[in-house]
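Subject: Handover of a structure and findings

Dear colleague,

Please find below the structure that I am handing over to you.

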Amino acid sequence: MPLPVSDTAPVERRLLRDVVYNRLYEGILDGTLEPGETLLDEKLTAWLGVSRTPIREALMKLADIGLVEMAPNRYTRVAPIDLKAIDEAIYTTGLLHEHAARANVPELENAVVTRLDKAQKEVKKSAKARDLPALGRAFNDFFLELTRAGGNDVLASVSEGLSPQLLRYISVWEKPFGIDDLPGALAGILTAAKDRDGAKAGDLVKELYAGTLAQFLEDYRRRDADITKTPVF
């Protein structure tokens with residue numbers, strides 16, 4: 001997809017690098033910037049209306065989390081979608097979120113429960129509208145709230161680091177799996193959170209991720225030999 005000629009919302013001058021990073025991050029996740037698309041400095045500066053420096057800083061940060069690939073003097077491009085990386089991210093994220101539910105739910109503060117409730121409602125709204133980027137963000141917000149609640153900075157950082165792979169894939173699903181079941185699944189986890197029942201919340205998170213992983217493998221995973229030969233699409 002060609003880059004837009006201009007953006008209707010000018011980039012703010014304060015915290016420029018972070019604003020540019022967020023704009024590019026969202027562009028990759030919502031498909032404005034497609035997998036494998038070459039990212040040229042002059043086109044990005046025209047699109048965002050900023051100088052080259054904050055763009056290069058943002059691109060390097062995006063490369064650190066696997067959304068951009070950079071080869072000096074060769075190319076800077078949107079990273080192709082890697083099926084193995086997505087597979088591993090779903091599996092690992094499920095383990096982290098299950099642990100967070102079991103460990104954090106018994107001591108949840110009321111303010112956290114309120115934010116979980118808000119995120120669950122956004123999941124329901126986005127699923128009904130079939131707005132996959134919004135669904136991904138709301139789903140991610142729900143579990144990041146749950147993960148951060150325990151005050152374990154390492155666990156929260158790892159979960160946040162895995163988020164882009166999951167969010168990006170949700171945004172480009174051609175055949176969504178479990179989309180109609182997500183609101184109900186999160187509603188059950190939310191009920192357990194309100195009851196401060198960590199064991200029940202953990203069991204429900206485990207069940208949720210087991211189902212999505214199985215469906216992912218059934219619908220999208222090719223034979224290992226095929227993946228090794230052509231690991232991205």
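In which crossing, left-handed or right-handed, does H6 pass H8? The crossing of H6 past H8 is left-handed. Before I turn to the details of this pair, please note that the model is a predicted one.

The chain as a whole

The protein chain contains ten helices and two strands. Following the sequence, these elements are arranged in the pattern α-α-α-β-β-α-α-α-α-α-α-α. Of the 233 residues in the protein chain, 46% are buried. Where contacts link residues at least 6 apart in the sequence of the protein chain, 75% of them join residues at least 24 apart.

Helices H6 and H8

Helix H6 covers residues 132–148 and helix H8 covers residues 182–194. The two pack with their axes 12 Å apart, at an angle of about 15 degrees. Angles under 35 degrees count as roughly parallel, and H6 and H8 are therefore described as roughly parallel to each other. On the side of H6, the residues that meet H8 are Leu135, Phe139, Phe142 and Phe143. Their counterparts in H8 are Leu182, Leu186, Ile189 and Leu190. Sorted by class, this contact of H6 with H8 consists of eight nonpolar residues, with no polar and no charged ones.

Helices H1 and H3

A second pair is formed by helix H1 (residues 16–29) and helix H3 (residues 52–64), which pack at an angle of about 55 degrees with axes 8 Å apart. This angle makes H1 oblique to H3. The crossing in which H1 passes H3 is right-handed. H1 contributes Leu16, Arg17, Asp18, Val20, Tyr21, Leu24, Tyr25 and Ile28 to the contact, while H3 contributes Pro54, Ile55, Glu57, Ala58, Leu59, Lys61 and Leu62. By class, the contact of H1 with H3 comprises eleven nonpolar and four charged residues, and no polar ones.

Individual residues in loops

Isoleucine 81 lies in the loop that runs between strand S2 (75–78) and helix H4 (83–104). Is isoleucine 81 buried or exposed? Its relative accessible area is 4%, and since buried means under 20%, isoleucine 81 is buried. The C-alpha atom of isoleucine 81 is separated by 8.3 Å from that of glutamine 165, although the two residues are 84 apart along the chain.

Asparagine 73 is placed in the loop between strand S1 (68–71) and S2. Its phi is positive, at about 65 degrees, although asparagine 73 is not a glycine. With a relative accessible area of 86%, asparagine 73 is exposed.

Arginine 196 occupies the loop between H8 and helix H9 (198–219). Arginine 196 is likewise a residue other than glycine with a positive phi, here near 60 degrees. Its relative accessible area is 25%, and arginine 196 is partly exposed.

Yours sincerely,

A colleague

Note on methods: Residues are numbered from 1 along each chain as its sequence is written. This is a predicted model: local features need pLDDT of at least 70, side-chain atom pairs count only at pLDDT 80 or more; totals for chains, interfaces and linings use all residues. Side-chain values use heavy atoms; hydrogens and water are left out. Axes are lines fitted to C-alpha atoms, for helices over the stretch in contact, and angles run from 0 to 180 degrees between N-to-C directions. Helices (H or I, at least four residues) and strands (E, at least two) are DSSP runs, numbered from the N terminus. Angles under 35 degrees count as roughly parallel, over 145 as roughly antiparallel, 65 to 115 as roughly perpendicular and the rest as oblique. A crossing is left-handed if the near helix is turned anticlockwise from the far one by less than a right angle, and right-handed if clockwise. Contact means heavy atoms within 4.5 Å. Ala, Val, Leu, Ile, Met, Phe, Trp, Tyr, Cys and Pro count as nonpolar, Asp, Glu, Lys and Arg as charged, and the others, Gly among them, as polar. Buried means under 20% relative accessible area, exposed over 50%, partly exposed in between (1.4 Å probe, protein chains only).
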